[in-house]
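Work through the exercises below with the model open beside you. Each task is followed by a stepwise solution.

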Amino acid sequence: MKKLDIKGIFTRPRKLLLHPETEWQVIGRENIEGIELFKNFLVPLSVLSSACAILLRLLSTSPLYAIGTGIILFMASIVGSYIAYRVSREYLSNKVAAANRMALRLAVYSSAVFIPFHCLSSGFSEGFISQLMAICSLLCLRTLYVGLNQLTALDVQYRKSAIVIIGLLVIVSPIIIQQLLMIMFRIPTIYA
């Protein structure tokens, strides 16, 4: 990932959704450092996903509310992914040899599947499509499951715990952060 490629940003999440086994094999052979993975992959993915949410929100709400929601979605996505990485690294630290590398990949690439669907869910106003996108965001758990099976040599007991811990963090962290930021910045009040 040398330069920003908008089409390439969504290629990896699409491959992780459609062909997770082969994509995790490719990921396992890559040698990408943490800051580079966040800076060149996760941040642009979050920016583009948040921009889509802003555009969708502009169709039904005020511009101030749409932009505020988009900025909060971006911040919640990045911080939530970082929290998932840090906690999963602590959990894996005594269980696998390259815990930092494994935790980084599992958290970032699972979040890469979660973030676009979550942003689309927030972008659509209330309704069926919003709920459908929220349900589709749970596909990140399948991505995480396949990644855990291919990248780590964890015992079955630890693998189940890792799926629960990392999966919950990937899903719940951004949502909690988003709700807290919405309350702090009084975004619902702007809309009213």
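A contact here means heavy atoms within 4.5 Å. Keep in mind that the model is predicted.

**Exercise 1.** Find what share of the contacts with a separation of 6 or more joins residues 24 or more positions apart in the protein chain.

Solution. Step one: keep the contacts in the protein chain with a separation of 6 or more. Step two: pick out those between residues 24 or more positions apart. They account for 75%.

**Exercise 2.** Describe the fold and judge how compact the protein chain is.

Solution. Start with the elements: nine helices, zero strands. In sequence order the pattern reads α-α-α-α-α-α-α-α-α. Next, take the radius of gyration, 17 Å. The globule rule gives 16 Å for 192 residues, which is close, so the chain is as compact as a globular protein of that length.

**Exercise 3.** Characterise the surface and the charges of the protein chain.

Solution. Buried residues form 46% of the 192. For charge, count 18 positive and 9 negative. Their mean positions lie 2 Å apart.

**Exercise 4.** Check the span of helix H7, then find its buried residues and their cover.

Solution. H7 covers residues 140-151, twelve in number. From first C-alpha to last it reaches 16 Å, close to the expected 16 Å. Buried here means under 20% relative accessible area. In H7, Cys140, Thr143, Leu144, Val146, Gly147, Leu148 and Leu151 are buried. Their cover includes helices H1 (6-18), H2 (20-29), H5 (99-123) and H8 (156-184).

Definitions and conventions:
Residues numbered from 1 in each chain as written. Predicted model: local features only at pLDDT ≥ 70, side-chain atom pairs only at ≥ 80, totals over all residues. Heavy atoms only, no water. Helix = DSSP H or I, 4+ residues; strand = E, 2+ residues; numbered from the N terminus. Rg over C-alpha atoms; globule rule 2.2 N^0.38 Å. Buried < 20%, exposed > 50% of the residue type's maximum accessible area, 1.4 Å probe, protein only. Areas by Shrake-Rupley, 256 points an atom, 1.4 Å probe, with all protein chains shown as cover. Lys, Arg positive; Asp, Glu negative; His and termini not counted. Charge placed at Lys NZ, Arg CZ, Asp CG, Glu CD. Expected span 1.5 Å × (residues − 1).
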